[in-house]
Amino acid sequence: KSKRKKRKSRVTKSFEAVVGAASGELYVFDAKRNLKEILNAHTKAVTAIYSVGDGAAKASGPARLVTGGKDGSVRIWTSTWDMVHDFSAPGGAPIASVCLRDDALKLLVGTQRSEIYEVDIPGCLASREG
């Protein structure tokens, strides 16, 4: 009898479909449901995934994927899978949820200890025209 792994998933226009696994990996699928890539995203289970813009929303700029893990880390990825931010919750608390504000300048991080943090994100995430 095989054990089913809990997974978090998110579907976006830029990333097609992304599934986080208990192993800490992210599985990226194309529009035809073919496995496109496997990323070692976290050292423990991926517990939160949030996608941000794909150029359609001017304020949010380029596509980003925010992931949180049981390892207490939060990572922000580009659509080409470059990690642009990596930080940990205070005390290394496992991450329960992540949500990036529409302007991509602030991130809300919820932990499994029922803590909520607001994190300032450097301006490189937001699209700036001037």
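**Entry 1: a starting residue**

In which strand does Val84 lie? I looked it up and found Val84 in strand E8, residues 83-88. Strands (E, at least two residues) and helices (H or I, at least four) are DSSP runs, numbered from the N terminus.

Before going on, I noted that this is a predicted model, where local features need pLDDT of at least 70, side-chain atom pairs count only at pLDDT 80 or more, and totals for chains, interfaces and linings use all residues. Residues are numbered from 1 along each chain as its sequence is written, and side-chain values use heavy atoms, with hydrogens and water left out.

My cut-offs are under 20% relative accessible area for buried, over 50% for exposed, and partly exposed in between (1.4 Å probe, protein chains only).

**Entry 2: the whole chain**

I stepped back to see the chain as a whole. I found zero helices and eleven strands. Of its 130 residues, 42% are buried. The accessible surface comes to about 7600 Å², and carbon and sulfur atoms hold 48% of that. These areas come from the Shrake-Rupley method with a 1.4 Å probe; for residues, only the protein chains shown count as cover.

I then turned to contacts, meaning heavy atoms within 4.5 Å. Among the contacts in the chain with a separation of 6 or more, 32% are between residues 24 or more positions apart.

In what order do the four strands of the open sheet with E8 stand? I read the order as E5-E6-E7-E8, with antiparallel pairing. Two strands pair if DSSP finds at least two bridges between them. E5 and E8 are at the edges with a single partner strand each, so one side of each has no neighbour in the sheet. Neighbouring strands here are turned by 15 degrees against each other on average, direction ignored. For such angles, axes are lines fitted to C-alpha atoms (for helices over the stretch in contact), and values run from 0 to 180 degrees between N-to-C directions.

I followed the bridges next. Strand E5 (residues 46-52) is joined to E6 by six bridges. Tyr50 has Val66 as its bridge partner in E6, and Val46 has Gly69. On the E7 side, five bridges join E6 to residues 73-78, and Arg64 is partnered with Thr78. E6 and E7 form a hairpin with three residues between them, and Gly72 in the turn has a positive phi of about 85 degrees.

Why is strand E6 largely enclosed by the rest of the structure? I counted six of its six residues (64-69) as buried, so the strand is largely enclosed. In a regular strand the side chains alternate between the two faces of the sheet. Here, Arg64, Val66 and Gly68 point one way, while Leu65, Thr67 and Gly69 point the other.

Thr78 in E7 is buried too, with a relative accessible area of 11%. Its side chain makes a polar contact of 3.0 Å with the side chain of Thr80. A polar contact is a pair of N or O atoms within 3.5 Å; within protein, one must be able to donate a hydrogen and the other to accept it, and residues adjacent in sequence count only if both atoms are side-chain atoms.

**Entry 3: the other sheet**

I found an open sheet of three strands too, in the order E9-E10-E11 with antiparallel pairing. E9 (95-100) and E11 (116-120) are its edges, each with a single partner strand, so one side of each lacks a neighbour in the sheet. The twist averages 20 degrees from one strand to the next. E10 (residues 106-111) pairs with E11 over five bridges, and Gly110 has Ile116 as its partner in E11.

**Entry 4: the cores**

How many residues has the largest nonpolar core? I noted 13, and those with the most contacts inside it include Val66, Val74 and Val109. A nonpolar core is a set of buried Ala, Val, Leu, Ile, Met, Phe, Trp, Tyr and Cys residues joined through side-chain atoms within 4.5 Å. E5, E7, E9 and E10 each supply at least two residues, and the largest share, three residues, comes from E9. A second, separate core of ten residues includes Val28, Leu39, Leu65 and Trp77.
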